[in-house]
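Q: I am new to this structure and would like a close look at one part. Please start with the surroundings of the ligand and follow the chain from there.

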Amino acid sequence: MTDSARRVAFLQEMGLGPIWSRRDIVSGTVSEFQEAPALEQVQPVPSVPATALIPTADAVQEQSVVQVTPRVSVDASVQHMDWLQLQSAVSGCRQCTLCHSRTQTVFGTGDQKARWLFVGEGPGRNEDIQGEPFVGPAGKLLDNMMGAMGLKRGENTYIANIVKCRPTDGNRKDRPPALDEATACMPYLERQIALIDPTIIVALGKTAALSLLKLDPATPVSRLRGSVHRYGDKPVIVTYHPAYLLRNLADKGKTWADLCLAMRSFETAD
Ligand code: SF4
């Protein structure tokens, strides 16, 4: 299978099919992406590789940029750790109550010098069992999202979560991490980001976005999509969490628009 055919297959796995035309990507604005036409209204151009769809620097500069001032702080006890020290600290961590119900910590996985960092909210049941982020159906969808971008898990990509232990409710069902849990765990992710030094960060879902950007928890994710945010000097693109997309198929098209924005931002990032 050629790279182009593989990319089309990934898009189809995302439920998008070959829907993107070169004209839409190169000349479109962010608002146009947000209001992308229904899939059946778009003429398929399956032979255009994603890398050819990345617009110029001028096009990226046309995007509105949300001005935020994230608190880029790293807890003193971890800010000088190397990878092994950090992994050891996480595996034995009891900084919040999530340590009581975990099977194991889920540190993160991928290329430690990756230029692409994907951040989710926390381990679910499958991740807690296997010790790796984004496994199971949501992980397969994330792999397909990366594949559609010409990326691959473990190759120039790193995947991590805001919290390293599985949050559950009283019925042992997965839930988003609470603010205090996310705050307790953030120094580990901040140190991972410092060690990786990625070119760009993709925040998967509301919890990841709000924690990375230090925004009010009441901020709706719809206000965060379609713009380039900043974590320090690094661009942050916000999109939906793959688990959400599995339940809300209609938003896959919006997610692809977000990933196109990420590819354009990556091309113009330092
Ligand atoms: S979620 Fe993070 S802070 Fe809480 S116990 Fe696990 S590793 Fe420690």
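By class, how many nonpolar, polar and charged residues does the shell around the ligand have?

A: This is a predicted model, in which local features need pLDDT of at least 70 and side-chain atom pairs count only at pLDDT 80 or more, while totals for chains, interfaces and linings use all residues. Residues are numbered from 1 along each chain as its sequence is written.

The shell has nine nonpolar, two polar and three charged residues. Here Ala, Val, Leu, Ile, Met, Phe, Trp, Tyr, Cys and Pro count as nonpolar, Asp, Glu, Lys and Arg as charged, and the others, Gly among them, as polar. In total, 14 residues surround the ligand, and the closest are C93, Q95, C96, C165 and C185. Helices (H or I, at least four residues) and strands (E, at least two) are DSSP runs, numbered from the N terminus.

Consider next the loops at either end of α8. R172 is found in the loop between β3 (157-161) and α8, and its phi is positive, near 65 degrees, although the residue is not glycine. R172 counts as exposed because it has 10 C-beta neighbours inside 10 Å. The rule behind this is that a residue is buried if 20 or more other C-beta atoms lie within 10 Å of its own, exposed if 12 or fewer, and partly exposed in between, with C-beta atoms placed from the backbone. D197, in the loop between α8 and β4, also has a positive phi, about 55 degrees, without being a glycine. D197 has 12 other C-beta atoms within 10 Å, so it is exposed.

Strand β4 is another matter: five of its five residues are buried, so the strand is largely enclosed by the rest of the structure. In a regular strand the side chains alternate between the two faces of the sheet. In β4, I200, V202 and L204 are buried on one side and I201 and A203 on the other. β4 pairs with β2 in the parallel sense over four bridges, and V119 stands opposite A203. Four bridges also join β4 to β6, again running parallel, with I201 opposite V236. Strands pair if DSSP finds at least two bridges between them.

A203 is one link: leaving aside neighbours within four places in sequence, A203 is in contact (C-beta atoms, placed from the backbone, within 7 Å) with V119, A208, A209, L212, V236 and V238.

Of its 60 residues, L117, V119, I201, A203 and L212 touch the most other members. Helix α11 (residues 252-268) supplies the largest share, eight residues.

After α9 comes K214, with a positive phi near 55 degrees. K214 has 15 C-beta neighbours inside 10 Å, so it counts as partly exposed.

Notes:
Near = placed C-beta within 6 Å. Core = buried A, V, L, I, M, F, W, Y, C linked by C-beta atoms within 7 Å. Contact = placed C-beta atoms within 7 Å.
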